[in-house]
Amino acid sequence: MRDHRPGEHAPYPEIWTGRATNRFQWLLALIGAACMALGIALAVDSAWTTGVAPLVMAVVGCIAAGLLVLFGTLAFVHVALRVDEDHLEVRCGHIGVPRRRIPLSHVVGADFAPHVTPRHWGGWGYRWRPEKGTAVVVRRGEGVVLRLWDGHTFTVTVDDAEAAVRVIRERLSPRRPGAHH
């Protein structure tokens with residue numbers, strides 16, 4: 001993308017897409033898979049002579065913990081942001097769940113956040129904090145902060161967040177009479 005002089009309008013695509021990825025989440029997913037494998041190995045290799053209840057609890061516990069960690073982390077390996085003429089859509093992970101679709105008619109403004117961190121939101125993932133709003137945080141770094149008509153905010157980490165903010169603001173300007181760039 002080339003730089004444009006002040007006052008010169010950049011050509012915005014009909015649909016803008018961006019994404020952010022966290023490769024560390026793959027390590028957590030491997031830990032979840034290892035927990036599941038341990039549970040399966042306990043079930044298969046055990047002689048079942050030491051007592052059924054403790055062994056069943058260990059097997060079920062390992063498999064359940066493994067599934068929670070595996071699917072909980074795979075859902076937030078990456079986030080995809082899509083902005084079209086009328087909506088902004090956020091999809092997480094490879095299957096796109098959780099997903100949030102926000103009509104641009106519900107957005108008051110968009111701001112660039114240079115330093116979004118999991119620590120400020122209480123960890124990775126889909127987060128809600130009463131004093132801050134809602135966020136999808138998959139890695140530390142730049143993000144977009146949407147100000148919604150209901151007074152809430154929605155933050156999402158995404159690469160090239162400045163471009164996303166420009167596209168969103170451009171799409172909002174015709175909807176807001178008297179808006180200034």
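Colleague: What is the relative accessible area of Val56, and is the residue buried or partly exposed?
Modeller: Val56 is found in helix 2 (residues 52-74); helices (H or I, at least four residues) and strands (E, at least two) are DSSP runs, numbered from the N terminus. Buried means under 20% relative accessible area, exposed over 50% and partly exposed in between, with a 1.4 Å probe and protein chains only. Val56 is therefore partly exposed, at a relative accessible area of 34%.

Colleague: What percentage of the residues in the protein chain is buried?
Modeller: This is a predicted model, in which local features need pLDDT of at least 70 and side-chain atom pairs count only at pLDDT 80 or more, while totals for chains, interfaces and linings use all residues. Residues are numbered from 1 along each chain as its sequence is written, and side-chain values use heavy atoms, with hydrogens and water left out. Of the 181 residues in the protein chain, the buried ones make up 37%.

Colleague: Which residues form a nonpolar patch on the surface?
Modeller: A patch is made of residues with over 30% relative accessible area and no salt bridge; like charges are joined within 9 Å, and nonpolar side chains (Val, Leu, Ile, Met, Phe, Trp, Tyr) within 5 Å. The patch has about 240 Å² of accessible area, by the Shrake-Rupley method with a 1.4 Å probe, where for residues only the protein chains shown count as cover. Its members are Val52, Val56 and Val60.

Colleague: In what pattern do helices and strands follow each other along the sequence?
Modeller: The protein chain has 4 helices and 9 strands. Read along the sequence, they give β-α-α-β-β-β-β-α-β-β-β-β-α.

Colleague: Which strands are the edge strands of the open sheet?
Modeller: The open sheet is formed by 4 strands in the order 1-2-3-4, with antiparallel pairing. Two strands pair if DSSP finds at least two bridges between them. Each edge strand pairs on one side only, and these are strand 1 (16-21) and strand 4 (99-103).

Colleague: What is the bridge partner of Trp16 in strand 2?
Modeller: Strand 1 pairs with strand 2 in the antiparallel sense, over 6 bridges. Strand 1 has a covered face of Trp16, Gly18 and Ala20, and an uncovered one of Thr17, Arg19 and Thr21. In a regular strand the side chains alternate between the two faces of the sheet. The partner of Trp16 in strand 2 is Val83.

Colleague: At about what angle does helix 4 run to strand 2?
Modeller: Helix 4 (residues 161-172) lies across strand 1, strand 2 (78-83) and strand 3. Axes are lines fitted to C-alpha atoms, for helices over the stretch in contact, and angles run from 0 to 180 degrees between N-to-C directions. For helix 4 and strand 2 the angle is about 30 degrees.

Colleague: How many residues apart in sequence are the parts that Glu85 and Arg171 tie together?
Modeller: Glu85 and Arg171 form a salt bridge, with their closest N and O atoms 3.5 Å apart; the term means a side-chain nitrogen of Lys or Arg within 4 Å of a carboxyl oxygen of Asp or Glu. Because Glu85 lies in the loop between strand 2 and strand 3 and Arg171 lies in helix 4, the parts tied together are apart in sequence by 86 residues.

Colleague: Is Arg171 buried or partly exposed?
Modeller: Glu85 is partly exposed, with a relative accessible area of 41%. Arg171 has 6% relative accessibility, so Arg171 counts as buried.

Colleague: In which helix does Arg169 lie?
Modeller: Asp111 and Arg169 form a salt bridge, the closest N and O atoms being 3.3 Å apart. The pair ties together parts 58 residues apart in sequence, because Asp111 lies in strand 5 (residues 107-116) and Arg169 in helix 4.

Colleague: What is the relative accessible area of Thr134, in strand 7?
Modeller: Thr134 is found in strand 7 (residues 133-137). Leaving aside neighbours within four places in sequence, Thr134 is in contact (heavy atoms within 4.5 Å) with residues including Arg100, Trp121 and Phe154. Thr134 is buried, with a relative accessible area of 13%.
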